[in-house]
Amino acid sequence: MIDGVAYTVGWLSLAIALWAAWKTIRHTRISDAMFYAISAVEVGTIVLLIAGLAGLASTERNVEGAVFVSYLVTLVLIPPVTLVWGVAEKSRWGTGVVLIGMWTVGIMAVRVLQLWHG
Amino acid sequence: MADGLQHGFGRVVVAVYAVFALSASARSLYQLVTKASEAPLAYALSALAGVIYILATFALATNRRWLAAASIGFELVGVLVVGLLTVFDETLFPDATVWSEFGAGYGFVPLVLPFIGLAWVLKARRGNLAV
């Protein structure tokens with residue numbers, strides 16, 4: 001469960017990061033489609049938080065709980081901040097912010113997997 | 001035309017600084033709370049790096065140019081000195097910091113970031129922020 005959601009969130013966010021890079025190069029701002037894609041990442045991070053907490057409660061392995069949970073919570077916070085900031089910026093760099101935000105989500109999803117598997 | 005440090009390309013710079021402010025300070029807080037005695041110098045340094053990133057993020061986001069230049073300048077010196085020290089004397093820092101080996105653990109972003117940050121502040125000083 002955790003693996004599947006983390007991989008989905010990771011790949012989706014990295015795909016959006018590439019998409020945003022393309023849009024930055026092309027001087028285009030966030031489109032409706034990109035807004036919904038980032039919203040989908042947000043849903044994914046919420047599911048990951050729930051799955052992670054459930055997994056942590058039921059596992060007998062020694063997972064670094066505090067770090068693991070702080071990553072999961074931070075992941076939930078990044079897409080909204082990315083959206084607010086990215087939409088507020090009226091130049092090409094609005095999608096530049098999306099690139100940074102989604103790249104960060106992708107890297108953190110990988111770290112979540114590393115922490116979970118120890 | 002918006003012309004503060006925090007607009008246009010600056011928003012991307014602020015975003016990257018915010019990510020590093022969060023990760024460096026959260027990491028050092030965790031290290032200091034759980035295992036401060038293992039590598040006090042490395043963890044104190046992580047905390048210092050975290051504070052510097054927070055300062056730089058704040059300065060850039062609120063268009064404080066001198067504070068931005070000072071904190072980013074300090075960051076540049078920090079990543080270069082710590083990078084050199086960790087390459088020449090591995091025993092000095094038993095645990096990694098954000099600046100170890102010139103930020104290799106973070107894709108060398110900590111090494112590149114201060115140059116981009118300073119360039120951005122200098123560009124702002126010339127009143128030349130249109131992108």
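**Helix packing, core and loops**

User: How are α2(B) and α3(B) oriented to each other, roughly parallel or roughly antiparallel?

Analyst: This is a predicted model, and what follows is computed from it. The axes of α2 of chain B (residues 40-61) and α3 of chain B (residues 65-88) come within 8 Å and cross at roughly 150°. Because angles over 145 degrees count as roughly antiparallel, the pair α2(B) and α3(B) is roughly antiparallel.

User: What is the make-up by class of the contact of α2(B) with α3(B)?

Analyst: The crossing of these two helices, α2(B) and α3(B), is left-handed. On the α2(B) side the contact includes B:L45, B:A49, B:I52 and B:L55, while the α3(B) side includes B:L67, B:I72, B:F74 and B:V82. Also among the α3(B) residues are B:S71, B:E75 and B:G78. By class, the contact of α2(B) with α3(B) has 12 nonpolar, two polar and one charged residues.

User: Which hand does the crossing of α3(B) and α4(B) have, left or right?

Analyst: The axes of α3(B) and α4(B) are 9 Å apart and pack at an angle of about 155°. The two helices α3(B) and α4(B) are therefore roughly antiparallel. As for the hand, α3(B) passes α4(B) in a crossing that is left-handed.

User: How do the residues of the contact of α3(B) with α4(B) divide by class?

Analyst: From α3(B) the contact draws on residues including B:R65, B:A68, B:I72, B:G73 and B:E75, and from α4(B) on residues including B:P110, B:L111, B:G117, B:V121 and B:R125. The residues of the contact of α3(B) with α4(B) divide into 11 nonpolar, three polar and three charged.

User: Which element gives the largest share of the largest nonpolar core?

Analyst: The largest nonpolar core has 65 residues, and those with the most contacts inside it are A:I16, A:V98, B:A15, B:V16, B:Y17 and B:A56. The elements that give two or more residues to this core are α1, α2, α3 and α4 of chain A together with α1, α2, α3 and α4 of chain B. The largest share of this core, 12 residues, comes from α4(A).

User: Which residues does B:Y17 touch, not counting residues up to four places away in sequence?

Analyst: B:Y17 is among the residues with the most contacts inside the largest nonpolar core, and B:A56 is another of them. Not counting residues up to four places away in sequence, B:Y17 touches B:Y53, B:A56, B:T57 and B:L60.

User: Is A:T45 buried or exposed?

Analyst: A:T45 lies in α2 of chain A, residues 32-58, and touches A:V9, A:L75, A:V76 and A:P79, not counting residues up to four places away in sequence. A:T45 has 28 other C-beta atoms within 10 Å. Because a residue counts as buried if 20 or more lie within that distance, A:T45 is buried.

User: How many residues of chain A are in contact with chain B?

Analyst: The side of chain B that touches chain A has eight nonpolar, one polar and one charged residues. The contact joins 10 residues of chain B to residues of chain A, and these number 12.

User: What is phi of B:N63 near?

Analyst: Most residues other than glycine have a negative phi. B:N63 is found in the loop between α2 and α3 of chain B and is partly exposed, with 15 other C-beta atoms within 10 Å. B:N63 has a positive phi, near 65°.

User: What is phi of A:H27 near?

Analyst: A:H27 is found in the loop between α1 and α2 of chain A and is exposed, with 11 other C-beta atoms within 10 Å. A:H27 is a residue other than glycine with a positive phi, near 60°.

Definitions and conventions. Residues numbered from 1 in each chain as written. Chains lettered and ligands numbered in written order. Predicted model: local features only at pLDDT ≥ 70, side-chain atom pairs only at ≥ 80, totals over all residues. Axes fitted to C-alpha atoms, helices over the stretch in contact; angles between N-to-C directions. Helix = DSSP H or I, 4+ residues; strand = E, 2+ residues; numbered from the N terminus. Parallel < 35°, antiparallel > 145°, perpendicular 65-115°, else oblique. Left-handed = near helix turned anticlockwise from the far one by under 90°. Contact = placed C-beta atoms within 7 Å. Nonpolar A, V, L, I, M, F, W, Y, C, P; charged D, E, K, R; others polar. Buried ≥ 20, exposed ≤ 12 C-beta atoms within 10 Å, placed from the backbone. Core = buried A, V, L, I, M, F, W, Y, C linked by C-beta atoms within 7 Å.
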